[in-house]
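Q: Hi! Could you walk me through this structure and help me see what holds its side chains together?

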Amino acid sequence: VGVYLWDIAHTKNVSKAKAYVAPQGTRGLYQKDEVMIWTDGKIYRSLIDNNAYTPEARAVGWEVVE
């Protein structure tokens, strides 16, 4: 996760996955194929665009990266 001048940026590169950052309104929503590290230590990939939910709140929006 990078924080740029105007927005939060996530990555699709699994080797650069960072800890989950909660979206702030419409800023920082996870887009399809962007990855993050959840509190269980696993890397998750978003399956949908504009994903505002956590893997706990809406598991169908995420998949564990093997």
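A: Happy to! One term before we start: a residue is called buried when its relative accessible area is under 20%. Trp 38, with a relative accessible area of 11%, is therefore buried. Keep in mind that this is a predicted model.

Q: Got it. What share of the residues in the chain is buried?
A: Buried residues make up 32% of the 66 residues in the protein chain. The chain exposes about 4,300 Å², and carbon and sulfur atoms supply 53% of that area.

Q: And how many helices and strands are there?
A: There are zero helices and five strands. Read from the N terminus, the order is β-β-β-β-β.

Q: Back to the rings. How many aromatic pairs turn up in the whole structure?
A: The search finds three aromatic pairs. In one of them, the ring centres of Tyr 20 and Trp 38 are 5.1 Å apart and the planes stand at 85°, so this pair is edge-to-face. Tyr 20 sits in the loop between E2 and E3, while Trp 38 sits in the loop between E3 and E4, 18 residues apart.

Q: Why do you quote both a distance and an angle?
A: Because a pair of aromatic rings is described by the distance of the centres and the angle of the planes.

Q: Okay, what about Tyr 30 and Trp 62?
A: They form an edge-to-face pair too, with 5.3 Å from centre to centre and 70° between the planes. Tyr 30 is in the loop between E2 and E3 and Trp 62 is in strand E5, so this pair ties together parts that are 32 residues apart in sequence.

Q: Are Tyr 30 and Trp 62 buried or exposed?
A: Both Tyr 30 and Trp 62 are buried. If you zoom out, ring pairs link Tyr 20, Tyr 30, Trp 38 and Trp 62 into a cluster.

Q: New topic: how many salt bridges are there?
A: The whole structure has two salt bridges. In one, the side chains of Glu 63 and Arg 45 meet at 3.0 Å, N to O. That pair links distant parts of the chain, with Glu 63 in strand E5 (residues 62–64) and Arg 45 in strand E4 (residues 43–46), 18 residues apart.

Q: And which residues make the other salt bridge?
A: Lys 32 and Asp 33, whose side chains meet at 3.8 Å, N to O. Lys 32 has 40% relative accessibility, so it counts as partly exposed. Asp 33 is also partly exposed, at 30%.

Q: How exposed are Glu 63 and Arg 45, then?
A: Glu 63 has a relative accessible area of 32%, which means it is partly exposed. Arg 45 is partly exposed as well, at 21% relative accessibility.

Q: Which side chain of opposite charge is nearest to Glu 34?
A: That is Lys 12, 6.1 Å away. Glu 34 is buried yet has no salt bridge. You'll find Glu 34 in the loop between strand E2 (8–9) and strand E3 (35–37).

Q: So what does the side chain of Glu 34 have beside it?
A: A polar atom of the Glu 34 side chain lies 2.8 Å from the backbone nitrogen of Gln 31. Leaving aside neighbours within four places in sequence, Glu 34 is in contact with several residues, including His 10, Lys 12, Tyr 44, Arg 45 and Trp 62.

Notes: Residues are numbered from 1 along each chain as its sequence is written. This is a predicted model: local features need pLDDT of at least 70, side-chain atom pairs count only at pLDDT 80 or more; totals for chains, interfaces and linings use all residues. Side-chain values use heavy atoms; hydrogens and water are left out. A salt bridge is a side-chain nitrogen of Lys or Arg within 4 Å of a carboxyl oxygen of Asp or Glu. Buried means under 20% relative accessible area, exposed over 50%, partly exposed in between (1.4 Å probe, protein chains only). Helices (H or I, at least four residues) and strands (E, at least two) are DSSP runs, numbered from the N terminus. Lys and Arg count as positive and Asp and Glu as negative; His and the chain ends are not counted. A polar contact is a pair of N or O atoms within 3.5 Å; within protein, one must be able to donate a hydrogen and the other to accept it, and residues adjacent in sequence count only if both atoms are side-chain atoms. Contact means heavy atoms within 4.5 Å. Accessible areas come from the Shrake-Rupley method with a 1.4 Å probe; for residues, only the protein chains shown count as cover. Rings of Phe, Tyr and Trp (its six-membered ring) pair if their centres lie within 6.5 Å; planes under 30 degrees apart count as stacked, over 60 as edge-to-face and the rest as tilted.
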